[in-house]
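Subject: Handing over a structure

Dear colleague,

I am passing on the structure below, and I would be glad if you looked it over before reading my notes.

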Amino acid sequence: MATRILVMLLASTTAVLGVLFVRSQQAQAAQSTQSSAQAQQPPTPLILDENDGEHRLRRPQGPVGSESVPEFIIKVDKQNGGAEDFYVGYEIMKPGGMIPFHKHHNSEEVVILEEGGATVTVGDKRAVTGPHAVVFIPRETWVSIANTGNSPIHLYALFSRQGFENFLRARSVRPGEPLTPLTPEELRRSV
């Protein structure tokens, strides 16, 4: 009789714990679904003027030459407009400013230079651009852009996939935040 009561008590305890576990899992799934729905909001149409977007300042000790273009704007990405596929950035390159040699592994890039005077090296091609130049940069292709003219150049960068904006955010701050040099550890993590 005592064994029977013990077995029934154990069975009912197991049943109660099972119901509590299932309810807990359902609550967690509902929260996860709600969080995902909030995180994956539908894209928002944007009409951005020149100065609109997420302003960022490059932190010291970035790639050699990058300090010559200290400010940039993230125009469109997952955080700004909810873009699903691409990233658009903007910066003003002062005379003597440059974007040092680099390449992108995960996306193609199109650079639009509103003014002339940039010396662009992309792959095995090198040219001084005129106004409204468009540069196509395939994946895995080395590129460098330098303002060798006498006037600022407004530059738009459009990437076929997102990812580069994360690198830029890791190596920059919002205006007003401390502009501390990158540590060796931060440099390693941001690559």
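A residue counts as exposed when its relative accessible area is over 50%, and as buried when that value is under 20%, with partly exposed in between. Please keep in mind as you read on that this is a predicted model.

With that cut-off, Asp49 is exposed because its relative accessible area is 55%. Asp49 sits in the loop that runs between helix H1 (2–39) and strand S1 (54–58), and together with Glu50, Asp52 and Glu114 it forms a negative surface patch.

As for the overall layout, the protein has three helices and eleven strands, and their order from the N terminus is α-β-β-β-β-β-β-β-β-β-β-α-β-α. The protein has 191 residues, of which 32% count as buried.

Glu54, which is buried with a relative accessible area of 4%, meets the side chain of Arg56 in a salt bridge of 3.3 Å, N to O, and Arg56 is itself buried at 7% relative accessibility. Glu54 also forms a salt bridge with Arg169, where the closest N and O atoms are 2.7 Å apart. This second pair links distant parts of the chain, since Arg169 lies in helix H2 (residues 164–170) and Glu54 in strand S1, 115 residues apart; both Arg169 and Glu54 are buried.

Another salt bridge joins the side chains of Glu91 and Arg58 (3.1 Å, N to O). Glu91 belongs to strand S3 (residues 87–93) and Arg58 to strand S1, so the pair ties together parts of the chain that are 33 residues apart in sequence. Glu91 is buried, with a relative accessible area of 8%, and Arg58 counts as buried at 19%. Salt bridges with shared partners also join Glu54, Arg56, Asp77, Arg169 and Arg174 into one network.

Two further places deserve a look. Thr121, in strand S6 (residues 118–122), is buried, with a relative accessible area of 11%, and its side chain makes a polar contact of 3.0 Å with that of Arg126. Ile112, found in strand S5 (residues 109–113), counts as partly exposed at 30% relative accessibility, and Ile112, Val134 and Leu158 make a nonpolar surface patch of about 220 Å².

Terms used:
Residues numbered from 1 in each chain as written. Predicted model: local features only at pLDDT ≥ 70, side-chain atom pairs only at ≥ 80, totals over all residues. Heavy atoms only, no water. Patch = residues over 30% accessible without salt bridge, like charges linked within 9 Å, V, L, I, M, F, W, Y side chains within 5 Å. Areas by Shrake-Rupley, 256 points an atom, 1.4 Å probe, with all protein chains shown as cover. Salt bridge = Lys/Arg side-chain N within 4 Å of Asp/Glu carboxyl O. Lys, Arg positive; Asp, Glu negative; His and termini not counted. Charge placed at Lys NZ, Arg CZ, Asp CG, Glu CD. Helix = DSSP H or I, 4+ residues; strand = E, 2+ residues; numbered from the N terminus. Buried < 20%, exposed > 50% of the residue type's maximum accessible area, 1.4 Å probe, protein only. Polar contact = N/O pair within 3.5 Å; in protein donor to acceptor, adjacent residues only side chain to side chain.
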